[in-house]
Amino acid sequence: MRTILISLLLMWSCMTQGQSNPVPFITQPLVPDAVAPGTEQIQLKVRGAGFVAGSVVKWNSTSLATTFLTSDRVSATVPGTLLKRKGTISITMLNPGPGGGVSNVASFSVRGPSNTVAYSRTDLAVEMSPQVAAIADFNVDGKPDLAVAETGSNTVSVLLGNGDGTFQGLADYASDSQPQAPIVGDFNHDGKLDMAVPSYALNTVSVFLGNGDGTFQQAVRYVTGAAPAYGLAVDLNRDGVLDLVTVNQGTNTISVLFGNRDGSFQSNIDYPVDDDPDWVDAGDFNGDGNLDLAVSNFGSGTVSILLGTGAGTFLPEVSYLVGGGPGSVVTADLNGDQKLDLVISNQLSNVVTVLLGRGNGTFGARTDYLVSGNANRAIVADLNQDNKPDLVVITQKPSVDILLGRGEGTFRKLLSFPTGNCPFAISAADFNQDGRLDLMSVNGCDNTISILLGKIGSSE
């Protein structure tokens with residue numbers, strides 16, 4: 001009898017593991033991504049990967065049932081009771097168990113559109129030579145916090161947000177030498193955000209498990225390829241556990257470290273890309289429900305596309321020529337055709353490059369847009385809340401340049417706002433909770449972060 005019970009338990013375990021749901025992943029933008037207060041009801045469409053029947057949209061803490069369309073598309077009805085007041089809403093996807101988990105965050109604005117944007121700037125002092133900052137709610141109070149990697153002091157500084165655009169003092173955590181961009185996710189499935197920080201000098205990634213109150217445990221280190229510069233946390237093998245991806249400038253590779261449910265990671269598996277990779281982003285480029293990767297390669301002036309199999313492995317890279325010294329690469333649907341496109345900043349030229357996706361894993365001819373200086377990094381965000389994605393570019397001028405989107409994949413009206421010196425990275429969030437997206441630049445020469453609070457024009 002005992003043998004039979006053990007056999008049955010083993011069979012059940014294997015079946016359960018085989019049926020594990022993935023951790024879902026959201027790509028920008030939501031459709032719509034903004035409405036005016038008082039709208040009666042909307043049908044929210046979410047694009048990404050790893051969706052299942054039973055996936056739930058979380059509207060802040062409110063759960064909304066979804067209509068499952070495909071593994072990369074769901075929709076949900078948002079009632080008018082949730083659209084009465086101005087504000088920025090955090091949208092996540094939740095997949096049920098076995099496996100499953102909570103996705104990355106996308107933003108939805110309840111506020112009327114405007115023809116233009118403006119910002120007021122405040123600089124915050126941090127430690128030496130800050131590189132990139134991650135934005136997340138580390139203490140679960142509904143207010144955006146910051147985690148900043150500082151290569152000059154070999155620290156990661158956490159700044160808890162007050163919800164009014166200001167932040168509390170630095171809490172510093174020792175990291176390995178030359179820390180790079182913090183990677184945020186719930187690695188051990190305890191409902192508390194953790195962070196992983198690549199070390200450029202020691203070829204490692206340090207994992208700090210979060211306590212849920214804005215503090216973190218001592219780091220545990222894992223080996224990557226040589227000189228990791230940036231990374232992501234995504235579920236590549238669809239087992240319901242977040243994996244890590246790092247881009248490695250010293251070996252011209254990406255490293256994949258499969259996650260275990262306890263917050264630990266397996267040994268790195270490396271894939272070749274082009275010369276001097278700098279950045280990586282994920283998305284389902286060919287509509288098969290599996291996450292693919294786009295890697296920018298500074299040395300070769302290319303973007304490498306690695307199509308995922310769903311098992312955590314990738315087909316050989318296919319490269320596209322872009323501008324000089326590509327920095328960041330970002331995935332988004334820029335023209336509303338349900339096919340993911342790419343935006344690439346070019347650090348050796350004053351252009352940002354757009355590649356429109358064909359939906360089959362390939363991309364069309366490049367289009368370049370001028371900005372006011374060499375383009376270090378770029379993001380996609382709907383800053384004037386007209387349901388058309390805009391481009392936000394940090395330049396060596398130094399400035400934040402904004403190109404407002406027309407909604408069909410082209411852009412207009414270059415706006416420029418000053419930052420601190422040597423801005424290296426750009427991010428967006430609603431820091432003062434007024435319903436407008438704000439901006440943050442990380443300034444390596446000033447040892448500061450610039451917080452630019454958004455002020456939308458009078459047409460809202």
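Rings of Phe, Tyr and Trp (its six-membered ring) pair if their centres lie within 6.5 Å; planes under 30 degrees apart count as stacked, over 60 as edge-to-face and the rest as tilted. The model is predicted, so local features need pLDDT of at least 70 and side-chain atom pairs count only at pLDDT 80 or more, while totals for chains, interfaces and linings use all residues. Residues are numbered from 1 along each chain as its sequence is written, and side-chain values use heavy atoms, with hydrogens and water left out.

Select Phe 138, Tyr 173, Phe 208 and Phe 216 to display one aromatic cluster. By the pairing rule, the count comes to 13 aromatic pairs.

Next, select Phe 285 and Phe 363: their ring centres are 5.5 Å apart and their planes stand at 75 degrees, so the pair is edge-to-face. Phe 285 lies in the loop between β23 (277-283) and β24 (292-297), and Phe 363 in strand β30 (residues 363-370), so the contact ties together parts 78 residues apart in sequence. Strands (E, at least two residues) are DSSP runs, numbered from the N terminus.

Continue to Tyr 369 and Phe 411, an edge-to-face pair with 5.5 Å from centre to centre and 90 degrees between the planes. Tyr 369 lies in strand β30 and Phe 411 in strand β34 (residues 411-418), so this pair links parts 42 residues apart in sequence. Tyr 369 is buried at 13% relative accessible area, and Phe 411 is buried at 6%.

Finally, select Arg 377, which lies over the face of Phe 424 at 4.5 Å from the ring centre. A charge sits over a ring if NZ of Lys or CZ of Arg is within 6 Å of the ring centre and within 35 degrees of the ring normal.

Methods. Helices (H or I, at least four residues) and strands (E, at least two) are DSSP runs, numbered from the N terminus. Buried means under 20% relative accessible area, exposed over 50%, partly exposed in between (1.4 Å probe, protein chains only).
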